[in-house]
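Reader: Could you show me how to read a structure of several chains, taking one kind of feature at a time?

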Amino acid sequence: MKVTLFIPCFIDLFYPQVGVAMVRILEKLGHTVVCPEGPACCGQPAFNTGYWDESREVAIKVLESLQGAEVVVIASGSCGAMLKVFYPDLFAGTKYEAMARELAPKCYEFSAFLVNKLGVADLGARFPHKVTFHDGCHGLRELNNKRPPRELLAKVRGLELVEMGAAETCCGFGGTFSAKFPMISTAMGDVKCASALETSAEYIVSCDSSCLMQIQGLIDRQHKPIKTIHLAEILIQQ
Amino acid sequence: MSTPATQFNQDARRLSADLRHRQTIQTAMGKYEVARDQRKAAFHDWQAARQMAAETKWEAVNHLDRHLEQFVRNIEARGTKVHWAGTAQEARDLILGILREKNARVIVKSKAMTSEEIHLNEAMEQSGYEVVESDLGEFIVQLREEPPYHIVFPAMHLTRDEIKDVFQRKLGDAPSNNPEELTMVARRVLREKYLQADVGITGANFAIAETGMLSITENEGNARLTAALPRTMITLVGIEKVLPRLEDLALFLPMLSAMGTGQTLSCYNTMYGGPRQAGETDGPEEYHVVLLDNHRTALLADAEQRDSLHCIRCGACLNVCPIFRNVGGHTYGTTYSGPIGAVITPNLRGLNDWKHLSYASSLCGACTETCPVKINLHHHLLQNRRNASRQKPSWWQKAAFKAFAPLATRPALWSLVTKMGRLGQKLHGFVKGSRLDPAYAWTKTRDLPPIAQRTFKEWWRTRS
Amino acid sequence: MVEDALVSERDNMLVRIREALSVAAPLPGQDHGTAREMPVLSSIADQRRVLPAVGQSFDEQLALFRANAAELCGEFRLFNDLDALVAELKGLCAAEGWQRLASHGGELTGAACQALGLPVLLTDQAFDKRELAACDVGITDCDALVAQTGSVLVTSRSAGGRALSVLPPHHVVLARREQLVPDLPAAFALLKAKYGGGYPSMISFITGPSRTGDIERILVLGAHGPKKLTILCL
């Protein structure tokens, strides 16, 4: 099928390899991938801060670019939640409400798309390392995305998954929260890192690069013996 | 003169870095979590129970006038005096009026967050009454002259040594730091107060419309004694605490106990329907119920957030909130802390002064997930932010988001942003981590990733 | 006039409430209003579908009650006849050195107190609360035992008032096994059937001896209420 892939701003700028991996995986599965040129951001920063008018200006571009898409795959849980769950709220009472409601059921976060829509869990990947999984909050609670990433990881050859105690605890990113309340955000990130380190895993895996940016930022500053990696980067490894 | 927001920031900064505090809370919560999860698992269908509880509260709150009138009719029929307090001041005045009329001297109280909300103790003490908190946790923080730390566990933040210390200083009686011995000290002191007290003041967890009763949940028996021994009893209760029928308690009492303390049922769940009735030989001769509004009707009028009045004050959202667990209850600087506090306080005490509580959240949604009555807590935080920005926009944030729109919607401009970002990052190296660093909020404690040599959009363009 | 002011605040508040409710709020469990029926209040069957399961047979329920009572650090003993129960009570009395009892004129309490032969403060007449505080034990009847939670259901009418079951340091409950009900829905149904015409001023579910976890979350029994709860069941 024709898959419209939405790449969030931070993946575009900081982690393009994640987007590239997703394109390659989807093409390998025989699908055509298109990435709309126009929109660079889903509008979540303004939305979360309470500036819904300004958020709409950005989000309208997304809506228009995705109109008529057969299926939309979003490369992160947080942007996925924005498109699927929050766009109907954001556009309620406006002339775009119908478009937003029409878009929502077509949206999938990347791992949910593979497992729930395509019914695929085994991508023939190989990654002989010990990993632990971080459940990004939007993906976990807004999109109910607990199982798909784990089903995918279970099929990766040589991979050992160890769950950390604080897997479902927020990493502290929260978008603008990380800059508005940096001390709380850092404390939350520290709790997360400590829990991951307890597992002796080599990698922290997630479906959300924004979470990984927070966690990696702390790891680098504190020189912790663990690395972060996006799920797609593992799935592309042979 | 510091605002609530600056106070919050100061305290949050201090406590986020306080590892001893973090460990104390972690340990306290750990025991609770295991028990809570066991209790939830014991339910035949916990999620269906949540839905049932949510619907019952919806019915109660969305027909509040009818249920309140029924409640009052039924409880008055048994000789209870009902008072309607529109504001905190009215509630204080009503209660002080009763104390004056009864020539009270000693007042014993069981836990009532509404009394914290209206600063009742202060008012009573200023009027010359001796007021003793009988719940052990409240008793301890009262001695320490600080507010409760958590709506269910007032002294969660204290070690046994700190408690021994205040007992020694204020009571002159602290044999050791052993929790059992300390509890027995409190038991001895309070026993005397129950017997001396002229008036007992309680809160209530639920107000049953059908039978005209107040339901009080506790473990210690202090509310039972407060309601049994003094000659006058007063219950202060928020108008939103209404439940339609007596049998609704069959659902709510176990849910409250499971989420509040991880118990099957708290030790005493008691329904009071009036003063001493004909044929009864003890209990108060007079029973007064003070119904408190104090801006609850304002929250009721907000149909989007009305469900925040469904709250049964179990404290479960506090317990799962990573912000609460890192900054602690006192940091919020107001009666109701944690997620529910962050939702209702801006609406009860002023959006502009208290919106920071709604902003101090990563919107992780753990609160909404755990709430036994399915309040849409984290979405209400978003709504508060939206309402606050409309009421009083921050000019520079609004401008920044507005400026961002064309950058994020026009490929040519985004391309420019990318290139300038790379340049900026090179220069950033000179100021990184210093006070001149525009990204200081981040870089103080974290490294920033570099903008990629080739962004995704740049790569995608090379393909086509 | 103070009375007028009070009445008018009632009216004001009800007006505010009605105005507030003129706009409908979304039903729970749905974010984007798909039309749904108004919620219906739960029946006993509905409640039983969600609450912790309780076995159907009396034996299962009794076993559940016994297990719950033990976990709560309460004592539960079953007897085949009154003599055996009284013997147990005498044994307790001797072991704990009771000197003064407190009780009421209940169905089983009369026989119990008589057998113990100690001075008894009966709360059926006016009594001095300080004298009650000085008693070693409070012996009461009850309305029901609740298997699901291990609770004892008492009221100010069935258990000698409000203070008797909570002021003395040891609460002894005398019950009959027929008083065992499976769960809370059954207990509330019992209350309605028994007292619907005129409720006592206090109804209480007692679930174990008094306790607190307020100091470092360490469990301590006997915070203010009885440190010991003993249920003797015929």
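This is a predicted model: local features need pLDDT of at least 70, side-chain atom pairs count only at pLDDT 80 or more; totals for chains, interfaces and linings use all residues.

Reader: In what order do the six strands of the open sheet in chain C lie?

Author: Strands of a sheet pair through backbone hydrogen bonds, either parallel or antiparallel. Here strands (E, at least two residues) and helices (H or I, at least four) are DSSP runs numbered from the N terminus, and two strands pair if DSSP finds at least two bridges between them. In chain C the order is S1-S12-S7-S4-S2-S3, with parallel pairing. Strands S1 (75–78) and S3 (120–122) of chain C are at the edges with a single partner strand each, so one side of each has no neighbour in the sheet. On average, neighbouring strands of this sheet are turned by 20° against each other, direction ignored; axes are lines fitted to C-alpha atoms, for helices over the stretch in contact, and angles run from 0 to 180 degrees between N-to-C directions.

Reader: Which strands of this sheet does helix H4 of chain C touch?

Author: Two residues are in contact if their C-beta atoms, placed from the backbone, lie within 7 Å. Helix H4 (residues 82–96) of chain C packs on the sheet and touches S1, S7 and S12 (228–233) of chain C, and its direction makes about 160° with that of S12(C). Within the sheet, strand S4 (residues 137–140) of chain C pairs with strand S7 (residues 170–175) of chain C over three bridges in the parallel sense, and Gly138(C) is found opposite His171(C) in S7(C).

Reader: How many residues of chain C are in contact with chain B?

Author: On the side of chain C there are 73 residues, in contact with 85 residues of chain B. Helix H1(C) gives the largest share of that side of chain C, eleven residues. By class, the side of chain C that touches chain B holds 37 nonpolar, 20 polar and 16 charged residues, where Ala, Val, Leu, Ile, Met, Phe, Trp, Tyr, Cys and Pro count as nonpolar, Asp, Glu, Lys and Arg as charged, and the others, Gly among them, as polar. Strand S9 (residues 268–272) of chain B is also joined to S9(C) by five bridges and runs antiparallel to it, with Met271(B) opposite Ile203(C).

Reader: And how many residues of chain A are in contact with chain B?

Author: In that case 49 residues of chain A are in contact with 49 residues of chain B, and the side of chain A that touches chain B has 27 nonpolar, twelve polar and ten charged residues.

Reader: Is Leu140(A) buried or exposed?

Author: A residue is buried if 20 or more other C-beta atoms, placed from the backbone, lie within 10 Å of its own, exposed if 12 or fewer, and partly exposed in between. Leu140(A), which lies in helix H8 of chain A, is buried because 24 other C-beta atoms are within 10 Å. Beyond its neighbours within four places in sequence, Leu140(A) is in contact with Asp135(A), Asn145(A), Lys146(A) and Glu168(A).

Definitions and conventions. Residues are numbered from 1 along each chain as its sequence is written. Chains are lettered from A and ligands numbered from 1 in the order in which they are written.
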